[in-house]
Amino acid sequence: MSNYEQRINLIDLNDYPVSWWNQLLALAHEIRENPEAYAKVCDGKIMGTLFYEPSTRTQMSFQTAMLRLGGTIIGFDNPATSSVAKGENIKDTTKIVSGYADIMVMRHPTEGSVKAAALTADCPVVNAGDGGHLHPTQTLTDLFTLKEEKGSLEGLTIGFCGDLKNGRTVHSLIKAMTCYKGSKFVLISTPDLALPAYIKDILAAGGFEYSEVSSLDEAIGGLDVLYMTRIQQERFASHEEYLKQKGNYILDKDKMSRAKESMIVLHPLPRVDEIAIEVDDDPRAMYFKQAKYGMYIRMALILTILRGNGTPAPLIRGREHKHVECSNPGCITHRETYLPHYFAGSGDILTCEYCDNRTLI
Ligand code: NCD
């Protein structure tokens with residue numbers, strides 16, 4: 001293990017206090033207002049971007065962010081053209097890149113993989129999406145969009161629609177919104193794609209008002225924000241299973257006519273068919289602007305991490321349980337078997353430190 005405790009790794013936004021998020025939002029606002037003042041602040045710094053999974057916005061907004069701060073970038077967006085194709089494990093690849101770069105941004109299809117990398121890396125690591133688990137920088141993008149467009153992050157009723165089971169952006173944003181007063185949640189999905197139990201538990205434990213409904217038509221009128229998501233085809237066991245869910249929710253002009261004038265529509269993108277193109281011209285459609293906000297908040301994040309502004313969050317809060325296996329088959333510990341089995345909690349239920357899955361022992 002490396003001395004990761006001394007670095008600001010961003011694996012899960014909820015590892016940091018809301019005051020730190022708010023500082024990032026304020027800095028992003030300042031950068032957006034006056035980008036010239038920040039054009040050279042990362043001169044001489046290098047960011048590594050390791051994308052083991054497809055990405056357009058996250059990868060390019062991170063890269064543009066670093067270039068606009070005056071830094072440079074290295075990395076890959078196709079593991080098939082790196083030594084990963086020769087069978088190199090995550091530890092070795094990320095250890096090497098983290099020795100070349102000052103900050104490393106990583107996306108990987110396996111849950112808990114980015115935390116695994118951070119444990120042995122030699123520079124700060126940012127989670128750009130780990131399987132169906134979390135996507136903290138999309139959440140920062142979403143929070144920044146809400147702050148800039150709605151003026152406040154408090155008292156918002158947010159409808160989440162689509163694939164709430166596999167959508168990591170949904171999981172991260174719901175967890176984040178539980179830290180703002182007066183948030184209400186309307187969960188719009190088919191029963192098969194409902195929100196995972198561990199996130200519902202967080203809502204229940206915090207005493208948050210939430211409802212689970214299947215009709216977007218019925219829910220839309222009460223929302224301040226509608227967060228649309230695509231059905232995550234790549235996370236389904238079979239194409240048939242995916243086809244059963246595809247096309248169940250489509251936001252169109254007709255549905256928008258039942259929404260408040262002040263409601264805004266967010267979507268992390270890419271869109272498949274869940275928002276009709278005709279909605280793009282509606283002033284409430286905020287998703288393209290949201291993608292641009294993502295660049296400013298990532299500029300703020302890179303700068304904050306490189307300056308070391310903040311108190312590093314511990315990556316491991318529990319301890320190693322050598323003989324316990326995480327019961328989530330999608331957890332990184334089953335793929336990279338050298339990883340110590342870290343769990344938090346005690347008694348019969350242990351929480352995997354990599355993927356947050358609860359394992360009954
Ligand atoms: C999201 C992701 O990768 O989770 N995209 C993004 O980062 N903007 C959403 C998605 O792929 O559906």
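**Entry 1: the Lys-246 and Asp-273 pair.** I began with Asp-273, which counts as partly exposed at 25% relative accessibility, and I kept in mind throughout that the model is predicted. Its side chain meets that of Lys-246 in a salt bridge, with 3.2 Å from N to O. I then placed the two residues: Lys-246 lies in the loop between helix H9 (239-245) and helix H10 (253-256), while Asp-273 lies in the loop between strand S9 (264-266) and H11, so the pair ties together parts that are 27 residues apart in sequence. For Lys-246 I noted a relative accessible area of 35%, which makes this residue partly exposed.

**Entry 2: other salt bridges.** My search of the whole structure gave 17 salt bridges, and I looked up some of them in turn. Glu-149 forms a salt bridge with Lys-289, and I read 2.8 Å between the closest N and O atoms. Glu-149 belongs to helix H5 and Lys-289 to helix H11 (residues 287-307), so this pair ties together parts that are 140 residues apart in sequence. I found both partners partly exposed, Glu-149 with a relative accessible area of 25% and Lys-289 with one of 39%.

Next I took Lys-175 and Asp-12, whose side chains meet in a salt bridge at 2.7 Å, N to O. This pair links distant parts of the chain, since Lys-175 sits in helix H6 and Asp-12 in the segment before helix H1 (18-33), 163 residues apart. Here I noted that Lys-175 is buried, with a relative accessible area of 7%, and that Asp-12 also counts as buried, at 12% relative accessibility. I also recorded a network of salt bridges that links Glu-53, Arg-168 and Arg-235.

**Entry 3: the ligand.** Which residues are around the ligand? I listed Thr-58, Arg-107, His-135, Gln-138, Arg-168, Thr-169, Arg-230, Gln-232, Pro-268, Leu-269 and Pro-270. Sorted by class, this shell has three nonpolar, five polar and three charged residues. Looking at individual atoms, I found a polar side-chain atom of Thr-58 at 2.8 Å from an oxygen atom of the ligand, and an N or O atom in the side chain of Arg-230 at 2.7 Å from an oxygen atom of the ligand. Pro-268 takes part through its backbone, with an N or O atom that lies 2.8 Å from a nitrogen atom of the ligand. Taken alone the ligand exposes 320 Å², of which the protein buries 94%.

**Entry 4: Thr-139.** I located Thr-139 in helix H5 (residues 136-150), and its relative accessible area of 0% means that Thr-139 is buried. Setting aside neighbours within four places in sequence, I found Thr-139 in contact with Leu-13, Thr-169, Ser-172, Leu-173 and Ala-176.

Entry 5: How many residues of helix H4 (residues 113-120) are buried? I counted eight of its eight residues as buried, Lys-115 among them. The buried residues of H4 pack against helix H3 (90-100), strand S3 (103-108), strand S4 (125-130) and strand S11 (342-344).

In helix H7 (residues 197-205) I noted Tyr-198, Ile-199, Lys-200 and Leu-203 as the buried residues. Their cover includes helix H6 (168-177), strand S6 (184-188), strand S7 (209-213) and strand S13 (358-360).

Technical notes: Residues are numbered from 1 along each chain as its sequence is written. This is a predicted model: local features need pLDDT of at least 70, side-chain atom pairs count only at pLDDT 80 or more; totals for chains, interfaces and linings use all residues. Side-chain values use heavy atoms; hydrogens and water are left out. Buried means under 20% relative accessible area, exposed over 50%, partly exposed in between (1.4 Å probe, protein chains only). Helices (H or I, at least four residues) and strands (E, at least two) are DSSP runs, numbered from the N terminus. Contact means heavy atoms within 4.5 Å. A residue is near a molecule or strand if one of its heavy atoms lies within 4 Å of it. A polar contact is a pair of N or O atoms within 3.5 Å; within protein, one must be able to donate a hydrogen and the other to accept it, and residues adjacent in sequence count only if both atoms are side-chain atoms. Accessible areas come from the Shrake-Rupley method with a 1.4 Å probe; for residues, only the protein chains shown count as cover. Ala, Val, Leu, Ile, Met, Phe, Trp, Tyr, Cys and Pro count as nonpolar, Asp, Glu, Lys and Arg as charged, and the others, Gly among them, as polar. A salt bridge is a side-chain nitrogen of Lys or Arg within 4 Å of a carboxyl oxygen of Asp or Glu.
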